[in-house]
Amino acid sequence: MLEYWLWLVIVMGAGNPKIWDIISVTRNPERAFHVLQDEIQRKRFNLSDVQKRAVCSTSMDKVKAVLENCERKNISVTYFGDELYPSSLKSIYNPPSVLFYQGNIGILEEYPTLTVVGTRKPTEYSVRVTNWICSELAKAGVVIVSGFAIGIDSAAHRAAVLSRGRTVAVLGCGIDVDYPRDNASAKKYIIRKGLLLTEFLPGTEPYPRNFPSRNRILSGISKSTLVAQAPERSGSLITANLALEQGKTVYCIPPADIFDNRYAGVVKYLRDGATPVFSHLDILNEYYAEFAHKLKPSILFETSDSVEDSVFLGCGDKETKKGGTSSKKKKDLKNKKNFEEQNKKEEKEKKEENRENVAVSLEPEIDENRKIKDFSSLKGLELEIAVLLSQEHQMHIDAIVERLNADEDEVASSLTELSINGYVVRLKGQCYRIL
């Protein structure tokens with residue numbers, strides 16, 4: 001059946017709803033293949049001249065060549081009706097008939113998912129909040145889904161990877177196409193515990209028309225969508241609109257400045273009834289009702305101190321933190337005791353998982369007593385950061401950007417590489433320490 005689905009995609013184009021018009025008449029892709037070979041029968045479907053030529057010129061040998069290419073490049077393929085096809089996509093409008101992927105597609109069934117979207121040019125505020133929320137959600141067991149673009153997408157994926165969580169990148173091009181080029185090296189880290197997913201054939205370039213089509217998969221694959229930052233005409237709002245049409249919840253991070261046009265899209269959605277998110281707990285509390293057995297219960301009883309340290313590092317009230325235990329904190333501690341046995345069980349399972357997955361760990365095991373003094377394998381910005389941290393020992397990412405007078409996204413990307421390769425360790429609140 002896969003070969004016939006793939007033949008339809010090659011002929012009609014990925015994401016073309018005409019495929020489902022044909023299937024509604026022919027009932028299955030194999031019969032569609034045979035029906036379309038007849039010139040008289042083809043007239044029933046009002047095909048374009050390009051599609052008619054594609055029907056005549058696309059043989060099953062070409063289909064087999066595509067599958068052989070996928071096998072050579074370790075790209076897996078699933079199709080509508082296959083047992084590996086994500087159930088969340090079966091009920092959306094115009095579901096992708098064929099999906100290409102690398103990684104573990106099973107995580108879409110095993111864990112709750114959240115799609116995170118936003119502008120390619122986010123403010124520092126939006127990046128910090130997105131990083132914090134996605135990190136905490138990933139630690140709790142939520143799979144972070146995004147579109148692999150620069151900006152908010154990259155922040156969401158990076159937060160999940162560095163938190164040793166799971167993330168899914170839904171691409172608007174072929175899996176073997178390095179786009180965006182700055183993110184190409186991140187693919188190998190995502191697929192260790194997560195997934196690269198696309199409906200586009202290998203080798204498909206990132207044409208602008210691909211991304212609006214891709215967005216229906218982004219929204220459909222998750223229970224909810226979080227809009228981190230969006231101007232009024234942001235492409236990320238297409239995903240949010242699709243989520244609403246699919247009956248999904250749309251969350252929004254409140255803007256740093258309601259008068260700033262860079263947040264105008266978020267303001268509109270909040271005014272129209274989107275759910276504001278001030279913490280990862282706002283999302284987890286809703287997810288917990290449906291996914292209690294798949295989430296870590298202890299994450300719901302964190303104290304507010306950890307929130308302040310993560311987002312407002314250096315801006316907290318030190319006297320308040322030194323003070324006595326609040327009644328809320330006591331209540332939270334009491335609730336934690338109720339989950340003591342559950343937490344011990346989770347810790348045991350986590351240790352077993354770590355032993356089983358040493359070979360595919362997202363970050364190398366690090367000996368805290370070992371000092372890495374040899375930076376000979378580093379170059380460029382990574383070398384500058386390593387030298388700076390070796391002098392200062394520990395710094396916040398903003399301080400690193402300021403000292404090196406470098407681009408924030410480039411610094412974040414370099415820190416990710418350094419962290420994964422064992423040169424630095426990431427601490428709470430986007431601080432980094434040299435090893």
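Tutor: Helices are DSSP runs of H or I with at least four residues, strands are E runs of at least two, and both are numbered from the N terminus. This is a predicted model, in which local features need pLDDT of at least 70 and side-chain atom pairs count only at pLDDT 80 or more, while totals for chains, interfaces and linings use all residues. Residues are numbered from 1 along each chain as its sequence is written, and side-chain values use heavy atoms, with hydrogens and water left out.

Student: OK. Where is Y251?

Tutor: Y251 sits in strand 8, residues 249-252.

Student: Buried or exposed?

Tutor: Y251 is buried, because its relative accessible area is 0%. The cut-offs are under 20% relative accessible area for buried, over 50% for exposed, and partly exposed in between, with a 1.4 Å probe and protein chains only.

Student: What does Y251 touch?

Tutor: Leaving out residues up to four places away in sequence, Y251 touches L114, S224, T225, L226, V227, T275, V277, D282, I283, E286 and Y287. Contact means heavy atoms within 4.5 Å. T225 is 26 residues from Y251 along the chain, and their C-alpha atoms are separated by 6.1 Å.

Student: What order do the strands of the open sheet have?

Tutor: The open sheet has 9 strands in the order 1-2-6-5-4-3-7-8-9, and the pairing is mixed. Two strands pair if DSSP finds at least two bridges between them. Strand 1 and strand 9 (275-276) are the edges, each pairing on one side only.

Student: In which sense do strand 3 and strand 4 pair?

Tutor: Parallel, over 3 bridges, between strand 3 (residues 113-117) and strand 4 (residues 143-146). T115 has V145 of strand 4 as its bridge partner.

Student: Which strands does helix 11 lie across?

Tutor: Helix 11 (residues 210-220) lies across strand 2, strand 3, strand 4, strand 5 (167-170), strand 6 (195-198) and strand 7 (224-227), and runs at about 160 degrees to strand 5. Axes are lines fitted to C-alpha atoms, for helices over the stretch in contact, and angles run from 0 to 180 degrees between N-to-C directions. Helix 12 (residues 236-245) also packs on the sheet, where it touches strand 3, strand 7 and strand 8, and its direction makes about 150 degrees with that of strand 7.

Student: And helix 13, which residues are buried?

Tutor: G265, V266, V267 and Y269 are buried in helix 13 (residues 264-271). Their cover includes strand 7, helix 12 and strand 8. Just after helix 13 comes G273, with a positive phi of about 115 degrees.

Student: Switching to helix packing. At what angle do helix 8 and helix 14 pack?

Tutor: About 35 degrees, with 9 Å between the axes of helix 8 (residues 124-140) and helix 14 (residues 280-291). W132, I133, E136, L137 and A140 of helix 8 meet H280, I283 and L284 of helix 14.

Student: How many residues of helix 9 are buried?

Tutor: 11 of the 11, so helix 9 (residues 152-162) is largely enclosed by the rest of the structure. The buried residues include D153, H157 and R158.

Student: Where is R164, then?

Tutor: R164 is in the loop between helix 9 and strand 5. Its phi is near 60 degrees, a positive value in a residue other than glycine. At a relative accessible area of 37%, R164 is partly exposed.

Student: Which peptide bond is cis?

Tutor: The one from Y179 to P180, with omega near -10 degrees. P180 lies in the loop between strand 5 and helix 10.

Student: Cores next. How many residues has the largest nonpolar core?

Tutor: It has 43 residues, and W5, L6, W7, L8, L36, V98 and F100 have the most contacts inside it. A nonpolar core is a set of buried Ala, Val, Leu, Ile, Met, Phe, Trp, Tyr and Cys residues joined through side-chain atoms within 4.5 Å. Helix 1 gives the most to this core, 10 residues. A second, separate core of 26 residues includes I133, L226, I253 and L281.

Student: Last one: how many disulfides?

Tutor: The structure holds 0 disulfides, a disulfide being a pair of cysteine sulfur atoms within 2.5 Å. C56 counts as exposed at 59% relative accessibility, whereas C134 is buried at 0%.
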